[in-house]
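Hello,

Here is the structure I promised to pass on. Please have a look, then read my notes below.

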Amino acid sequence: MTTETPPPVPPAAVRRLRLTNFRSYPDLDLELSPAPVALFGENGAGKTNLLEAISFLAPGRGMRSAGADGVATRSGADIAPEWAVFAEADTREGGFRLGVGARGSARRETRIDGEPAAQNALARLMPMIWLTPAQDRLFAGPRADRLKFFDRLVHAADPAHADAASAYEKSRTRRQRLLDEGGQDPSWLGAIEVEMAGHGVAMAAARLDALIRLQGEIDQRPEGVFPQADLALDGAVEADLAEGLTAGEAEDRFLAALRDGRRRDAAAGRTLTRGPHRTELLARHRAKDQPAGDCSTGEQKALILTLALAQARALGQQWGVAPLLLLDEACAHLDALRRDGLAREILASGSQAWLTGVEKVLFEPFGDAIQYREVHEGGVRALP
Ligand SMILES: Nc1ncnc2c1ncn2[C@@H]1O[C@H](COP(=O)(O)OP(=O)(O)OP(=O)(O)O)[C@@H](O)[C@H]1O
Ligand SMILES: [Mg+2]
């Protein structure tokens, strides 16, 4: 099925990036046009750190899931007392100054035009999608990683999804703790399960919605250098909704399953009851008619790019702005034909895609439609 190409949408774009004590960058100030960005430089130069810094302008812990030790610049035993990422950006709603940072081990603060803001406000202003080299084996790796990847795509389409997901996880943890402790107060347990069912159905509904849009976007493109994929969600609540149950009916059914599963979940010490925490994202390589997990490394990389590019187009149509794309080492493992295809897709999407690679030559298919920046320890140099 092919349809007319939708009208192009303007890109969300970082026009200026300032980093203070962010990993290998004690102090960086970078100016950019809305065009795609090619970051090249040797291993350890700081390319991924730059992408990670931008990823902090989205809700969450960034593309490396930075842990408690944080991202502040370390030198020897010294850790910088505070760090900050600041950007001047073209967003869905025009030019904004976006800032994220933290002091010591304090909570991260988000600012929009200097005013404190909720993290989700960033997702609404500047949608973004990222791919890391660790995701190259996503289809062959653990189920939970695949679900996390998919949930990020859902989150970019529906910022409320993250709230539902974290509320669901909180109530799931509380329920399990009560079950583990044994002395169950049925009314307390019941109240928590009602919460779980409500958030769980909201999560599953957002996932289904995003999946339908994403699959629609994939199907609209003829098979090119990026393979067509067939996606499905294998989850109890998602299946109920897909079968046409209303949200209320799906909640009732999930609630009943939670009640029935109490004894078993208590014995197991974990939530064996099937719910959105156990959903599986299934992906197949359509032309080869085989599960994505059985495909070669390069084929899997191409498949995951299919998903990311399709989601970028879907978000562009949905939000009226082409999302930022952070593609770390996207060209590694791709042959020349696919690198050409990637450049064409990115240029057609109009996105400010940030790409990294060890050599400038990897970006040749972009011609002069990409802005080159050479990254070296703690600094970035613009090339003519
Ligand atoms: N908190 C920190 N403080 C100072 N330096 C850090 C911190 N965290 C990471 N680094 C350093 O940043 C450097 C650059 O890392 P980065 O992953 O960005 O390199 P890269 O250019 O992507 O390399 P590669 O091509 O190997 O992927 C590494 O040498 C790492 O030790
Ligand atoms: Mg890197």
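**Ligand 1 and its surroundings**

A polar side-chain atom of R23 sits 3.3 Å from a nitrogen atom of ligand 1. Here a polar contact is a pair of N or O atoms within 3.5 Å; within protein, one must be able to donate a hydrogen and the other to accept it, and residues adjacent in sequence count only if both atoms are side-chain atoms. This is a predicted model, so local features need pLDDT of at least 70 and side-chain atom pairs count only at pLDDT 80 or more, while totals for chains, interfaces and linings use all residues. Residues are numbered from 1 along each chain as its sequence is written, chains are lettered from A and ligands numbered from 1 in the order in which they are written, and side-chain values use heavy atoms, with hydrogens and water left out.

One of its oxygen atoms is 2.8 Å from a polar backbone atom of N49. One of its nitrogen atoms lies 2.8 Å from a backbone N or O atom of R74. Ligand 1 exposes 650 Å² when taken alone, and the protein buries 71% of that (Shrake-Rupley method with a 1.4 Å probe; for residues, only the protein chains shown count as cover).

The shell around ligand 1 holds 16 residues, and G44, K47, T48, N49 and R64 are the closest (a residue is near if one of its heavy atoms lies within 4 Å). By class, the shell has three nonpolar, seven polar and six charged residues. Ala, Val, Leu, Ile, Met, Phe, Trp, Tyr, Cys and Pro count as nonpolar, Asp, Glu, Lys and Arg as charged, and the others, Gly among them, as polar. Helix 1 gives the most to this shell, with three residues. Helices (H or I, at least four residues) and strands (E, at least two) are DSSP runs, numbered from the N terminus.

**Two positive phi values**

Most residues other than glycine have a negative phi. R23 has a phi near 45 degrees, a positive value. R23 lies in the loop between strand 1 (13-22) and strand 2 (25-31). D289 has a positive phi of about 50 degrees. D289 is in the loop between strand 12 and strand 13. D289 is exposed, at 55% relative accessible area (buried is under 20%, exposed over 50%, partly exposed in between; 1.4 Å probe, protein chains only).

Three strands form an open sheet in the order 11-12-13, with antiparallel pairing. Strand 11 (229-234) and strand 13 (290-291) are at the edges with a single partner strand each, so one side of each has no neighbour in the sheet. Strands pair if DSSP finds at least two bridges between them. Strand 11 and strand 12 (residues 280-285) share six bridges. D230 stands opposite R284 in strand 12.

**Buried positions**

Which residues does A58 contact beyond its neighbours within four places in sequence? They are L122, M128 and W130 (contact means heavy atoms within 4.5 Å). A58 is in the loop between helix 1 (47-55) and strand 4 (74-75). A58 is buried, at 6% relative accessible area. A58 and M128 are 70 residues apart in sequence, yet 7.2 Å apart in space, C-alpha to C-alpha.

S171 lies in helix 4 (residues 160-181). S171 is buried, at 0%. Not counting residues up to four places away in sequence, S171 touches I192, E195, M196 and H199.

Best wishes
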